[in-house]
Amino acid sequence: MYYTKQFNKEKFKDSIEENCKTLFRKTVDEASEDQIFQAVGYAVKDTIIEQWMLTQKAYEKEDPKTVYYLSMEFLMGRALGNNLLNLCEYEEVQSALKEMGIDLNLVEDQEPDAALGNGGLGRLAACFLDSLATLGYSAYGCGIRYRYGMFKQKIKNGFQYEVPDDWLKDGNPFELRRREYKKEVKFGGYVRVETDENGRNHFIQEGYQSVMAIPYDMPIVGYGSGIVNTLRIWDAEPAECFHLDSFDKGDYKKAVEQENLAKNIVEVLYPNDNHYAGKELRLKQQYFFISASVQEAVDKYMRKHDDIRKFAEKNVFQLNDTHPTVAIPELMRVLMDEYYLSWDEAWEVTTKTCAYTNHTIMKEALERWPIELFSRLLPRVYQIIEEINRRFCLRIAEHYPNSQDKVKNMAIIYDGQVRMAYLAIWAGFSVNGVARLHTEILKTQELKDFYEMMPQKFNNKTNGITQRRFLLHGNPLLAQWVTDHVGPEWITDLPRIKGIAVYADDERSQSEFMNIKFRNKQRLAKYILEHNGIEVDPRSIFDVQVKRLHEYKRQLMNILHVMYLYNKIKAHPEMDFYPRTFIFGAKASAGYRVAKLTIKLINSVADVINNDASINNKLKVVFIEDYRVSNAEIIFAAADVSEQISTASKEASGTGCMKFMLNGALTLGTMDGANVEMAEEVGSENMFIFGMSAEEVINYENNGGYNPMDIFNHDPEVREVLTQLINGFYSKDDPERFRELYNSLLNTQSTSKADRYFILKDFRSYAEAQERVEAEYQDTALWAKKAVLNVASVGKFSSDRTIQQYVDEIWHLDHVELKKPAISIGKENE
């Protein structure tokens with residue numbers, strides 16, 4: 001453990017007062033809540049800067065190998081509270097602010113979530129950065145400084161509306177602009193070839209448009225380690241200044257075209273790619289941040305070393321899914337065109353530097369680009385990919401003589417498309433899945449040909465989460481209870497939490513645990529009342545499904561089951577029924593029509609049920625608007641039931657399941673993704689498992705034999721629920737509103753496969769599992785025991801463990817330990 005110097009309370013308070021004065025020309029008493037946040041943020045950044053500089057000096061001295069974690073997303077959450085926790089100064093700062101009449105919780109609430117990510121991909125990247133700094137490894141996260149993120153979700157009349165998430169409107173006190181490391185990124189044009197006196201060809205890109213990539217650095221503070229790593233997010237600026245001559249001549253479009261090019265690249269995460277312009281913008285975004293990151297990584301290495309051929313000895317690029325795969329040809333381009341390495345030399349370096357993490361089982365989600373678009377936008381990079389593909393196809397032919405099918409199945413360029421995942425697999429020295437089941441499916445199904453040809457590359461790294469964000473910060477009551485029982489070591493060594501298992505049968509401990517859960521449910525109930533205007537009973541079962549909305553995650557099955565329960569209560573008002581609150585939270589991609597319609601259905605069902613006085617509050621349905629890290633912390637802490645109900649074989653891993661488990665929720669789920677390994681750790685008897693296995697699903701997909709209309713015809717309760725989708729029961733103003741959802745399940749007037757994600761096939765098993773939930777929840781001692789055992793069994797699922805596996809088996813990084821103490825908050829230099 002790395003310890004900082006003693007906190008100087010008076011110096012810290014002086015710093016806040018000085019910041020209010022110099023930033024806003026106000027006293028602390030006059031400053032607004034947001035201004036107080038800014039003042040506190042800058043005061044905290046002062047100490048982080050000191051530790052940041054000490055970290056960089058240690059890295060310069062020891063020259064450790066560095067991982068560059070390349071990702072389109074970093075879902076960081078709020079920085080202030082997390083930084084204070086990892087500095088081990090949270091309570092001290094809280095006390096200092098209290099003396100000034102300031103509530104730290106209110107200050108934290110002023111900070112917007114950094115809009116740099118959306119789903120599990122981005123949150124995993126954030127957890128990994130936290131663990132890398134805590135464990136003492138040199139790392140950069142590399143991404144884009146999105147001005148408006150994906151979007152801020154607004155729910156109006158039950159529909160999702162996307163509005164800009166203007167998270168930077170008041171500035172970000174924790175970022176540093178590093179213009180001295182700017183890079184030029186080129187798009188379009190053509191490639192001219194020159195031959196020198198030695199007969200070597202030189203490739204020169206001309207007629208291009210370019211933007212300047214400007215890095216903004218955000219500190220990643222390790223817990224108690226003194227290490228502060230860097231999240232480097234790139235902003236875009238015009239490569240040329242404003243064209244005043246064009247403006248004066250009336251050519252206003254030309255005057256601002258460079259500025260607009262730069263602005264568009266960094267405006268939003270995942271622009272809608274249902275049209276050509278959207279696809280082009282996505283590709284520009286990917287190349288923009290990758291080119292800048294690769295250029296800077298090479299430049300940084302060469303500032304200290306003189307042989308670029310040894311680059312891989314000190315650097316590794318981890319490609320977080322297929323989005324950063326263009327790093328492979330970009331590194332080749334830099335090595336060949338700027339450092340004049342031969343093809344073989346550049347390939348040797350590149351294939352020892354790049355490693356690939358696959359995050360999806362579904363083949364349609366593996367990224368592909370039209371050749372026309374790719375070659376026009378990135379002409380030199382496309383030339384390199386063509387040559388990589390040519391050589392790869394020769395290797396395939398050598399390995400599988402007389403097998404054109406193998407070339408068809410594996411070629412990087414085929415059928416007018418550039419297949420990025422295949423490029424990553426061929427050029428990367430490691431290919432990892434993110435849960436054991438996921439990795440096995442990749443090897444035996446989706447990427448079977450690649451596994452057969454290069455099995456040594458494939459490995460599994462089951463995902464993890466940081467307990468510091470999702471228990472220590474998100475659930476302080478439970479965190480303190482755990483510390484009181486087993487000590488604080490779990491904060492950096494989560495398997496130590498296993499020690500609370502001995503208290504699972506202890507009546508007093510059970511009572512304490514359930515009281516903490518109830519208080520957290522009261523906190524969430526207050527949030528729901530304030531934001532949704534719905535009163536929910538914290539004594540009811542809080543059944544929660546919060547995650548990105550996609551058909552395979554089966555939010556539709558969840559809400560269909562709610563409709564089914566409502567029908568039963570209405571038909572049998574006298575029946576015993578323990579009150580349930582079903583809580584949803586999800587964003588749907590702007591162009592994903594079925595997902596957005598599912599959100600509308602959830603809200604329409606909520607409107608009917610929540611306003612039906614005859615059911616005596618036995619059921620409530622809540623959709624939490626704009627689900628994000630900051631409200632997720634409140635939700636995880638309060639959940640009784642964690643819905644992890646994806647179609648078996650479709651979820652790569654899932655990390656929400658781990659966050660719920662960490663906070664004492666019981667999992668209701670399929671044997672999919674990380675659920676399989678969770679069941680091994682805690683025992684399936686302490687979860688509610690239902691539904692088909694991955695093998696059964698894959699068998700139906702490959703061989704047929706399932707007709708959802710059979711269920712519709714023979715199960716009257718299911719038929720009633722589905723009929724309510726099209727008879728106006730939940731949409732009196734437009735009875736046809738949910739017809740598309742109905743059609744997707746039964747293939748009525750639909751061109752797609754009926755019930756593609758087996759919602760109706762698994763429905764009865766799901767309903768029976770829900771009945772077990774209700775029965776067991778009413779046995780308080782049994783439920784408390786299972787909840788405690790879930791927390792006790794979560795040790796495997798720390799991102800610290802995942803990162804250590806990456807380090808040991810893929811990256812081979814050097815551990816760095818600071819020898820010199822950091823300068824603590826408010827402490828003067830000595």
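Trainee: In what sense do E13 and strand E15 pair, and over how many bridges?
Mentor: This is a predicted model. In it, E13 pairs with E15 (residues 417-419) in the antiparallel sense, over three bridges.

Trainee: Which residue stands opposite arginine 368?
Mentor: Arginine 419, in E15.

Trainee: What's the strand order in that sheet?
Mentor: E13-E15-E14. The sheet is open, has three strands and pairs antiparallel.

Trainee: And which are the edge strands?
Mentor: E13 (368-370) and E14 (413-414). Each of them pairs on one side only.

Trainee: Which helix lies across E13 and E15?
Mentor: H16, residues 420-427. Its angle to E15 is about 45°.

Trainee: Switching to cores. How many residues are in the largest nonpolar one?
Mentor: 156. Phe12, Leu524, Leu560 and Leu722 have the most contacts inside it.

Trainee: Which helix gives the largest share?
Mentor: Helix H22, residues 555-571, with 10 residues of this core.

Trainee: What is leucine 524 in contact with, beyond its neighbours within four places in sequence?
Mentor: Phe542, Ile583, Ile624, Ile634, Ile635 and Ala638.

Trainee: What about the second core?
Mentor: That one is separate and has 127 residues. Val67, Phe289, Met410 and Ile412 are among them.

Trainee: New topic: arginine 468. Buried or exposed?
Mentor: Buried. Its relative accessible area is 0%, and the cut-off for buried is under 20%, so arginine 468 qualifies.

Trainee: Where does it lie?
Mentor: In helix H19, residues 467-473.

Trainee: And what does arginine 468 touch?
Mentor: Skipping residues up to four places away in sequence, its contacts include Asp130, Asp800, Tyr223 and His473. Leu85, Asn86, Ser131, Thr134, Ile491 and Thr492 are also touched by arginine 468.

How values were computed:
Residues numbered from 1 in each chain as written. Predicted model: local features only at pLDDT ≥ 70, side-chain atom pairs only at ≥ 80, totals over all residues. Heavy atoms only, no water. Pairing = 2+ DSSP bridges. Helix = DSSP H or I, 4+ residues; strand = E, 2+ residues; numbered from the N terminus. Contact = heavy atoms within 4.5 Å. Axes fitted to C-alpha atoms, helices over the stretch in contact; angles between N-to-C directions. Core = buried A, V, L, I, M, F, W, Y, C linked by side-chain atoms within 4.5 Å. Buried < 20%, exposed > 50% of the residue type's maximum accessible area, 1.4 Å probe, protein only.
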